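I will work from the overall layout to single contacts.

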Amino acid sequence: MACSLLASVVGGTLLVAGVPKLRDREGLLRVVRAYQVLPAGAERVVALLLPYAEIAVGALLVLGVAVRPAAALGGLLFLGFCAGLTVNLLRGRRELDCGCFAFGVKDAVPHIGWFHALRALALALVAGLTVATYRGPGLAGHAVAVALAALLLAMVTAAAQVRQVVHPGRRPVDTHLSRAAGALRQAPAGPSRR
């Protein structure tokens, strides 16, 4: 069941990454171009096919179908992501949108770091481990593994959302709210209702 859990985590991650990319194709193309690691003609092809590849491989892993080949493809995807991130980090280019799960929040300054590259490498290693060790646990075991993977991914997603609002060691949320409240007080008043 542990092997099925690993496959489901990799698959779920690919699904969570691929679905938002379908909704913003131009945003994905901008991100792919910004990395400057592909020839101009290949950028559009990658931006077109990447979400479908992530979703297809993720679905196969979550469903427990053709797990070893799907995990191998997933590992290759994550190695490609790691390579693109690493090349740009070594170039000193950190002002890029990761493009991992969605595209930058409006008015936020995009940035990448070694965390992003190491996360992609870790997922590639988990996919490789899945290829090397996978044995189907049966339907019940697979269902439990998928449920555990979904719970784990939901917790990680929730933690990432909280991290966007709360910055330990930086400005607390109250500082942001105080600044916004001050700006609202200084804004010209609209017509009064009487």
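**Entry 1: overall layout**

What percentage of the 194 residues in the protein is made up of buried residues? I get 33%. I note that I am working on a predicted model. Next I listed the secondary structure and found 7 helices and 0 strands. Read from the N terminus, the elements run α-α-α-α-α-α-α.

**Entry 2: helix packing**

I took helix 4 with helix 5 to begin with. Their packing angle is about 160°, and their axes lie 8 Å apart. Angles over 145 degrees count as roughly antiparallel. Helix 4 and helix 5 are therefore roughly antiparallel to each other. I also checked the handedness: helix 4 passes helix 5 in a left-handed crossing.

Then I turned to helix 1, which covers residues 2–23. Helix 1 packs with helix 5 at about 140°, with 9 Å between the axes. That angle makes helix 1 oblique to helix 5. The crossing of helix 1 and helix 5 is left-handed.

**Entry 3: a nonpolar patch on the surface**

Which residues form a nonpolar patch on the surface? I find Leu73, Leu76, Leu79, Leu90, Trp114, Leu118, Leu121 and Leu125. Together they have about 820 Å² of accessible area. I asked which helices supply them. Helix 4 (67–90) and helix 5 (114–133) each supply at least two residues of this patch.

Leu90 sits in helix 4. Is Leu90 buried or exposed? Its relative accessible area is 65%, so I log Leu90 as exposed.

I then stepped to Leu89, which also has its place in helix 4. Leu89 has a relative accessible area of 6%, so I log Leu89 as buried. I also looked up a C-alpha distance here. The C-alpha atoms of Leu89 and Trp114 are separated by 7.4 Å. Along the chain, Leu89 and Trp114 are 25 residues apart. Trp114 is one of the patch residues.

**Entry 4: salt bridges**

How many salt bridges does a search of the whole structure find? The search returns 2.

I took Glu54 and Lys21 to start. Their side chains meet in a salt bridge at 2.9 Å, N to O. This pair links distant parts of the chain, with Glu54 in helix 3 (residues 40–63) and Lys21 in helix 1, 33 residues apart. I checked how far each one is covered. Glu54 has a relative accessible area of 0%, so Glu54 is buried. Lys21 comes out at 2%, so Lys21 is buried.

I went on to Arg33 and Glu43. Their side chains meet in a salt bridge at 3.5 Å, N to O. This pair also links distant parts of the chain: Arg33 is in helix 2 (residues 25–35), Glu43 is in helix 3, and they are 10 residues apart. Glu43 is at 9% relative accessibility, so Glu43 counts as buried.

**Entry 5: recap**

I close with the points I want to find again. Helix 4 and helix 5 are roughly antiparallel to each other, and each supplies at least two residues of the nonpolar patch.

Note on methods. Residues are numbered from 1 along each chain as its sequence is written. This is a predicted model: local features need pLDDT of at least 70, side-chain atom pairs count only at pLDDT 80 or more; totals for chains, interfaces and linings use all residues. Side-chain values use heavy atoms; hydrogens and water are left out. Patches are made of residues with over 30% relative accessible area and no salt bridge: like charges are joined within 9 Å, nonpolar side chains (Val, Leu, Ile, Met, Phe, Trp, Tyr) within 5 Å. Accessible areas come from the Shrake-Rupley method with a 1.4 Å probe; for residues, only the protein chains shown count as cover. A salt bridge is a side-chain nitrogen of Lys or Arg within 4 Å of a carboxyl oxygen of Asp or Glu. Helices (H or I, at least four residues) and strands (E, at least two) are DSSP runs, numbered from the N terminus. Buried means under 20% relative accessible area, exposed over 50%, partly exposed in between (1.4 Å probe, protein chains only). Axes are lines fitted to C-alpha atoms, for helices over the stretch in contact, and angles run from 0 to 180 degrees between N-to-C directions. Angles under 35 degrees count as roughly parallel, over 145 as roughly antiparallel, 65 to 115 as roughly perpendicular and the rest as oblique. A crossing is left-handed if the near helix is turned anticlockwise from the far one by less than a right angle, and right-handed if clockwise.
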